[in-house]
Amino acid sequence: MAKRELLGLYEEANEAGDAVEGLRDAGFPDTDVEILSSTPYPEGAFGEPKVEHRLYTFPFAGAAIGMTAGIFWLVSAQMSLPLITGGKPIVAVPAVFQILYEGTMIGAVLFTVLGVIFESRLPDGIGLYDKRIVDGYIGVTIRASEDDLLRARETLERAGAIDIINNEGSIMGAGTPQGA
Amino acid sequence: MQEPPSYDVKTIDRRLFDFMLHTPKWFFTTSAGLLTVFGAGFVVFISMLYFGLQFLGYSHPVYWGFLIVNFVFWIGISHAGVFVSAVLRLTQAEFRRPVTRAAEVVTIFSLQAAVLFPLIHSGRPWRTAYWAFPYDFIRGMWPNPRSPLVWDPSAIFTYLISTILFVYVALLPDLALARDRAEDPVRRWVFTVLALGFRGTSRQWRIQAIAGILLSAIILPIFVSVHSIVSWDFAVTSVPGWHNTVFAPYFVIGAVHSGVSAVVTAMIVMKWAFKLDGYITADHIDALARVLIAVATGWLFLLFLDFSFGLYGEESAEVDTWMQRIYGGAWPVLAPIFIITSYIIPVPLWLIKSVRRSFGWMFVTTILVNIGMWLERYMLVIPALERKSSLTFTYSEYIPSISEGILVLASFAFVIVGVLAFCKVLPVMPAADIREGALLSTELKIGRRSVPATLRE
Amino acid sequence: MASPEPAALAIKLRPSWKPKGLQVSNSNVVFAGLGLLAALGLVMLILRIVSSGDDRASWAYPTAFFMWTLSTFATAPLVAYVTRLTRGYWGYPIRRLAALWSIPALFSYLILLPSLATLPSLDGRASLWFGFRFGVPGFADALTIGFMFVTGAALMWLTSIPDLASGDVRLKSPITRSLLMNWRGTTKQWLLIRSASKYLGAFYVMLLAIGTTQVTTDMGQSLIPGWRSGIFPLYHIVTGFQAGVAVIIVTTYLLQKFSPNIRPFIGQEQAVNLGRLLLAFTLLDFYFFWADYVLIWYAGLPSEIAAMQVLIADVYRIPFIAGAFGIFVIPFFAIIFNPVRRRLWALALISTIIIIGNFFDRVRLFVPAMSNEKVFGHGPLSPLPGVVWPNVSDILFIVGWAALMAFVYLAVARRIPAISGWEMREGAMLRQETHFERGHIMLLAKPE
């Protein structure tokens with residue numbers, strides 16, 4: 001069954017933490033719960049689980065690709081015009097190392113940035129969002145099936161939500177939603 | 001040492017977004033003036049294309065003048081961004097928060113200014129594509145990767161792209177903020193596209209934190225390599241006065257010295273121009289001044305090594321070059337000015353706490369440093385060419401020309417306009433970072449004293 | 001951020017937690033064994049002074065050994081200074097054990113003096129002294145390095161006073177009272193310790209830089225005609241920083257393993273931060289080497305090529321390769337990985353390799369210089385000198401003096417606690433574990 005999303009807005013971080021705990025106790029999996037804030041809170045501040053990611057592998061992959069591309073370009077460029085200069089070998093490590101290094105590093109940087117975008121699940125245009133989050137409110141979103149939606153809403157309300165929003169708008173009538 | 005900011009998020013955003021949303025009158029007059037200077041530089045450039053490089057005063061053997069000096073100078077300034085931003089991120093120094101964006105933006109525009117100079121200097125800029133672009137068009141000749149002049153574009157391009165991407169990744173939360181704060185629909189659309197839908201989920205914040213550390217760690221080696229490669233433009237030759245193995249770290253540390261000084265100057269100007277009191281405080285310039293003391297002293301040591309080992313071999317050509325640098329032409333006046341402005345005035349002053357915490361004094365001393373460091377690059381380049389070879393005949397003595405001076409001024413105008421334009425479009429300080437700093441700052445009561453403290457994961 | 005060990009945060013200010021010296025008895029096998037070898041080292045030094053006179057070549061390996069101690073043990077105390085200056089909290093448990101290395105390093109001065117006495121006249125060869133001849137190079141180098149060692153020892157002593165002055169200092173003898181600055185723990189005295197340690201540390205760094213420039217030139221570059229490298233003193237300093245950090249890591253690991261006093265305070269926090277330092281210096285090592293090498297390769301000047309052939313490509317190729325693997329190749333490919341940097345035992349293994357690699361590097365740099373007969377002129381060296389292998393006497397010398405370094409360290413650590421009580425108490429005061437909403441977090445106070 002398709003899941004629908006609800007967003008609860010909270011004034012205090014503690015209330016958002018209560019909401020997360022409440023949803024967990026109510027049987028909702030952590031993967032369906034998301035916390036939205038406009039300020040980075042320390043990891044675990046809301047009782048959320050640690051974020052699993054593979055961002056560290058991206059620089060290594062990028063560096064390997066950059067180095068390979070660099071070697072290919074450097075060797076082929078020099079072999080295609082095999083001029084001996086200064087008595088040095090046509091393809092010599094001290095001569096090519098600098099450009100090879102830059103190629104490796106730019107590969108690492110490009111892939112790291114791609115990794116950041118990928119691991120951040122960007123571009124993100126489908127989740128619920130509310131502009132009040134930028135004013136310091138904390139959002140807790142829950143994806144639930146139709147049958148569980150009411151239970152999710154009650155849990156959010158019990159934790160002290162000032163507003164609850166779905167795709168149609170505010171359920172409590174305190175504001176309008178803004179999709180990201 | 002820390003003065004914890006204690007603003008709510010609306011106040012933070014209002015102050016940081018103020019310049020983006022409201023334009024003071026001085027912006028127009030300043031931009032007009034600077035664009036005029038830039039325009040004058042453009043006229044000189046066109047003239048040079050028509051008349052040739054002798055329009056700038058170059059002839060055998062001094063073919064590298066103000067333009068190359070300025071190239072090295074701007075590359076040096078560009079090093080501040082990464083040094084300040086990456087090093088302070090890696091060491092998790094709290095005072096980095098208001099500084100990083102300004103430093104990175106100065107880096108981007110000074111790098112672009114630097115790139116312009118070798119292009120202008122070639123006399124026929126479009127031909128540089130043949131020997132710099134990594135593809136053989138139609139001539140059957142690939143770029144020569146053995147030449148330091150080909151290493152330069154690869155290093156600068158890598159650094160420029162890396163810095164832009166670094167800034168962009170760190171900008172994502174601020175773009176999201178700007179998206180949500182923007183009232184103008186055009187602005188809102190632009191920020192929505194650029195923000196890629198950033199919502200501030202825990203995952204996105206976590207990735208932001210790790211990305212900052214990862215990219216800082218990757219960019220630091222790039223930053224070291226760029227100015228080292230620029231130094232090798234000189235050092236791998238056999239020109240007396242240039243062939244010294246210490247050039248690479250000497251250039252890098254000189255770049256940090258001039259670059260961080262430029263960042264301090266820029267921050268003080270931004271504080272005054274954008275009314276960022278409370279965000280840029282005496283603590284920040286105090287901390288940067290302490291870093292500068294260490295960097296400047298290291299730079300002085302490397303200058304000593306350059307000087308000593310230049311004369312070490314007692315080769316007549318090397319000795320001749322150094323004598324030219326100290327006693328030749330205008331150098332009996334310029335050489336003392338160089339060392340006095342780079343070190344002798346600023347560093348002893350920075351040892352005094354009240355000077356370090358004074359915006360006026362820091363503004364003056366950091367400007368002096370950059371005057372001295374510009375002279376240092378001039379001292380490195382010109383005298384060595386003047387004494388390049390005893391068999392070389394000269395058409396004329398090298399005298400700096402007004403047209404060169406106009407190009408130098410135009411580069412300053414370019415960088416300042418670029419930074420102003422950036423500040424008009426995007427927040428000059430990382431709002432999310434500032435908010436995080438406010439969130440995590442606290443106090444610890446020890447006895448009767450409340451000691452500033454920070455919370456850290 | 002790696003968290004500090006719980007024991008470090010639980011240190012009580014009242015009653016003041018006081019660490020003890022290392023519990024190593026004279027009958028401990030390792031200690032006694034090191035003592036015997038140390039005695040052997042001293043004997044070998046005396047024999048060498050008596051038998052070799054001013055034969056410079058016989059001081060080749062001792063000079064390489066001295067340069068190695070300058071790189072390792074003399075640089076190790078800088079870790080203490082830098083973490084104090086930058087308020088690196090992770091450094092609290094290791095600052096004293098780093099600073100203690102200044103005492104064994106001081107002993108190596110006994111090797112430097114007779115080596116300097118064998119240096120030839122400066123006339124007719126390149127040097128940093130140009131036309132100046134009074135007291136150079138021997139006296140000038142001895143003075144600079146001597147000041148450096150004394151500064152290091154003073155810094156170590158000064159920062160140990162609060163721990164050594166336990167009990168009522170008024171009851172101690174006048175000499176002891178003077179040495180302990182009549183320590184009572186007044187606000188002024190604490191301020192003095194903090195300020196003086198900053199200034200002494202800065203002097204130590206400057207003297208290390210200048211002293212290294214002097215001795216590496218006088219006992220290295222200026223003895224091989226054609227060898228002209230402005231970056232060489234810096235290369236020596238930076239590889240020294242790397243080796244100094246490696247010494248700290250090995251010392252930390254061994255003390256954590258064998259000293260119950262220190263074990264509770266050393267953990268992942270120290271491993272992670274020391275690992276980062278080690279990685280940074282490893283990268284810098286390669287950078288400085290490359291900056292040197294690429295210029296020589298490019299310019300192709302015969303005198304520089306000849307010098308490079310002696311030091312890298314031809315004559316001393318084997319120690320160069322051993323050094324390169326020990327200093328860069330193995331450490332780099334090991335410590336770029338996070339799991340290695342988190343484990344102190346893995347770092348200690350890599351550090352041991354670095355320390356050994358550093359020794360080979362010093363051998364390939366200073367043995368050819370001190371054993372070269374054709375020191376005059378400006379090169380190129382032709383024909384290239386042959387390799388000078390160590391003889392039995394050299395090996396006994398090296399083994400004996402390495403043992404002496406370790407022996408002196410243990411002997412000092414018996415009297416002066418290898419962990420700084422006052423700094424650990426300060427750390428416990430300035431750091432607390434706390435909650436932030438539902439997460440665990442560290443509170444770090446930053447006074448001044």
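Let me start with one residue pair: B:Thr454 stands opposite C:Leu444 in β2(C). Strands here are DSSP runs of E with at least two residues, helices are runs of H or I with at least four, and both are numbered from the N terminus.

A word on the model. It is predicted; local features need pLDDT of at least 70, side-chain atom pairs count only at pLDDT 80 or more, and totals for chains, interfaces and linings use all residues. Residues are numbered from 1 along each chain as its sequence is written, while chains are lettered from A and ligands numbered from 1 in the order in which they are written.

Back to that pair. β2(B) and β2(C), residues 439–445 of chain C, pair in the antiparallel sense over four bridges. Pairing means that DSSP finds at least two bridges between two strands.

Now the whole sheet. It is open and has four strands, in the order β1(B)-β2(B)-β2(C)-β1(C), with antiparallel pairing. Which strands stand at the edges? They are β1 of chain B and β1 (431–436) of chain C; each has a single partner strand, so one side of each is left without a neighbour in the sheet. On average, neighbouring strands are turned by 40° against each other, direction ignored. Axes are lines fitted to C-alpha atoms, for helices over the stretch in contact; angles run from 0 to 180 degrees between N-to-C directions.

Within chain B, β1(B) and β2(B) run antiparallel, joined by six bridges. There, B:Lys445 stands opposite B:Ser450 in β2(B). A helix packs on this sheet: α18 of chain C, residues 421–430. α18 touches β1 of chain B, plus β1 and β2 of chain C, and its direction makes about 20° with that of β1(C).

Next, the interface. 34 residues of chain B are in contact with 31 residues of chain C. Contact means C-beta atoms, placed from the backbone, within 7 Å. On the chain B side, the elements giving two or more residues are α8 (202–235), α9 (247–274), α10 (282–312), β1 (441–446) and β2 (449–456). The largest share, seven residues, comes from α10(B). By class, this side has 20 nonpolar, 10 polar and four charged residues. Ala, Val, Leu, Ile, Met, Phe, Trp, Tyr, Cys and Pro count as nonpolar; Asp, Glu, Lys and Arg as charged; the others, Gly among them, as polar.

Two of those helices also meet each other. How do α9(B) and α10(B) cross? Their axes come within 9 Å and cross at roughly 150°. That makes α9(B) roughly antiparallel to α10(B), a term for angles over 145 degrees. Among the residues in this contact are B:Tyr250, B:Ile253 and B:His257 in α9(B), and B:Leu288, B:Trp299 and B:Asp306 in α10(B). The contact divides into 15 nonpolar, four polar and one charged.

Last, chain A. Its domain assignment gives domain 1 (4–50 + 123–170) and domain 2 (57–119). Their centres, taken over C-alpha atoms, are separated by 46 Å. Such bounds come from an automatic or database assignment.

Chain A has an open sheet of five strands, ordered β2-β3-β1-β4-β5, with antiparallel pairing. β2 (33–36) and β5 (169–170) stand at the edges, each with a single partner strand, so one side of each is left without a neighbour in the sheet. Seven bridges join β1 (residues 4–10) to β3 (residues 138–144) of chain A. A:Leu9 stands opposite A:Gly139 in β3(A). Helix α4(A), residues 149–158, packs on the sheet, touching β1, β3 and β4 (163–166) of chain A. The direction of α4(A) makes about 10° with that of β1(A).

Key
Two residues are in contact if their C-beta atoms, placed from the backbone, lie within 7 Å. Angles under 35 degrees count as roughly parallel, over 145 as roughly antiparallel, 65 to 115 as roughly perpendicular and the rest as oblique.
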